[in-house]
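Here's a quick briefing to read with the structure open beside you. Have a look around first, then come back for the details.

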Amino acid sequence: MKNSTLVFRSLGILIFLAGLAHLFSFGVDTSDDSPTPTTETSTATEQQPEAEVPTEKPTANSAYNPETDPLIGQWKVAYNTKDFKGAIVYKIKKEGKVFNAYTHQYQDENGYAQKAEGTKTLTITQFNGSKGKGIYSIEYEGEQYEVDCKIALTDENTFTLSYDYYGYGDVETWKRQ
Amino acid sequence: MIDFLAKKLEWLDVHHWFYIFNDLSLFYIIIPFFVLELIRYAYLKRLDKDLVLDSIANVITFGGFFLIEIILGILAITKVYYWVYNNISLPHLELNWATVICCVLLADFAYYWEHRTMHRIGIGWATHTVHHSSPHFNMSVAYRFGPLDAIMPIVFSLPIVMLGFDPILVLLSEVFVQVFQTLLHTEIIGKLTKPIEFIFNTPSHHRVHHGSNRQYWDKNYAGILIIWDRMLGTFEPEKEKVIYGISQPINSVNPIVVFFHGISRFVKKLGQIKGFSNKLLAFVKPPDWMPKQ
């Protein structure tokens, strides 16, 4: 068999198999990983009285675009782990084309707060207004790991962040402050 | 069907299934099958000292290979694979049935090319000849490895990582292909039904691969699917009775001799070749290549 035939057949097999995998990863939308469809989000928004919308939502910022940048602002995440019981407030900023979350404040289980050092913990690389992907920094047994994560907006004041790092995973609920 | 294939999987479940196939198969299929083979050898009055010592040598070579594999594997996975995965790969793929199946098929295809390369370049054959040097054919032969056998799989699986597959999934898929290969090293199973023989690599096809009969040289490189050989022109069916081993037998069951004979023969060959560039060429040229003097 000619070498060129070998090359073309092999490339064909590679492209076919890799293409299928990418198609099923990015081309097929499964509903089980999107807890709240966009339509429900808008219903929730409509039902919520205007007065109940948190005042700290950064609408005052002229650069804020409510259609595309609903993540900007302060978000609180409650933790109840062996290492940490309490909550962390993160500040999400839009930097270039990505959203970065920085630690802003630590709150212990008794409600005492302490200013955080502003460590970048989460980078949301893709966000379509309701779902997105990013890289989350987690600490496990003293080691820092950068893991792929997914976020899904439940309503305009809540989103879930989920990750699964070789079986070590979690789903966190981020509430707007 | 599409929803099933695209359904997101949990790492714990994937690990669990690979653990059953890759790790536990040694206990529920490979060892019992080898015992069955020993009983068959005894029944056929072929169970002699040479066969027993040969089998022990096989397992000892696996120990040497495994040590090198562990060191290289840890280095490759933690450093090279993840560097490639994080810096020069396509968008990272989700963990779903489709990506797991595609990854296993790609690992199988990579195995075909890696295996073919091991046969067709000097340094590859210097290490892989160990696997082929046994005059017997049973499950213990599957564990007969050469000292550098762990290197090629790393090189050939890197493109799969570059395609966006998770390095751990790639590693698990490679081991899965190896475990499937192990099951093919037997004389007990004859030819299977035609559709299976057409699509899958079978003991019959793999006996051919281990044949020292001239028409069987460099044939049937497949891991799981024999269709790769059919598509790429290296398929040969089992017709003539297979004579196992290599064209220059080592006639030894000493594990050290078995493990290093390919490398020592290659070093001897390099000593006979004149000129630095020719010596370098001997690494990548076919095993029987010698420069024109």
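Which residues of helix 4 of chain B meet helix 12 of chain B, and which ones do they meet there? On the helix 4 side of chain B you'll find B:Ala57, B:Ile60, B:Thr61 and B:Gly64. Their partners in helix 12 of chain B are B:Pro255, B:Val258 and B:Phe259. Keep in mind that this is a predicted model.

**How the two helices cross**

- Two packed helices are described by the angle between their axes and the distance between the axes.
- Here, helix 4 of chain B (residues 49-87) and helix 12 of chain B (residues 255-272) have axes that come within 8 Å and cross at roughly 60 degrees.
- The crossing of helix 4 of chain B past helix 12 of chain B is right-handed.
- Sorted by class, this helix-helix contact has five nonpolar residues, two polar ones and no charged ones.

**Where chain A touches chain B**

- Contacts between the chains involve 20 residues of chain A and 27 residues of chain B.
- On the chain A side, helix 1 (residues 3-27) gives the most, with eleven residues.
- That side of chain A divides into eleven nonpolar, four polar and five charged residues.

**The annotated stretch of chain B**

- An unreviewed UniProt entry carries the annotation "domain: Fatty acid hydroxylase" for residues 101-234 of chain B.
- In the model, residues 101-234 of chain B are 57% helix and 0% strand.
- The end C-alpha atoms of that span lie 24 Å apart.

Terms used. Residues numbered from 1 in each chain as written. Chains lettered and ligands numbered in written order. Predicted model: local features only at pLDDT ≥ 70, side-chain atom pairs only at ≥ 80, totals over all residues. Contact = placed C-beta atoms within 7 Å. Helix = DSSP H or I, 4+ residues; strand = E, 2+ residues; numbered from the N terminus. Nonpolar A, V, L, I, M, F, W, Y, C, P; charged D, E, K, R; others polar. Axes fitted to C-alpha atoms, helices over the stretch in contact; angles between N-to-C directions. Left-handed = near helix turned anticlockwise from the far one by under 90°. UniProt positions renumbered as here; feature names shortened; annotations may be inferred.
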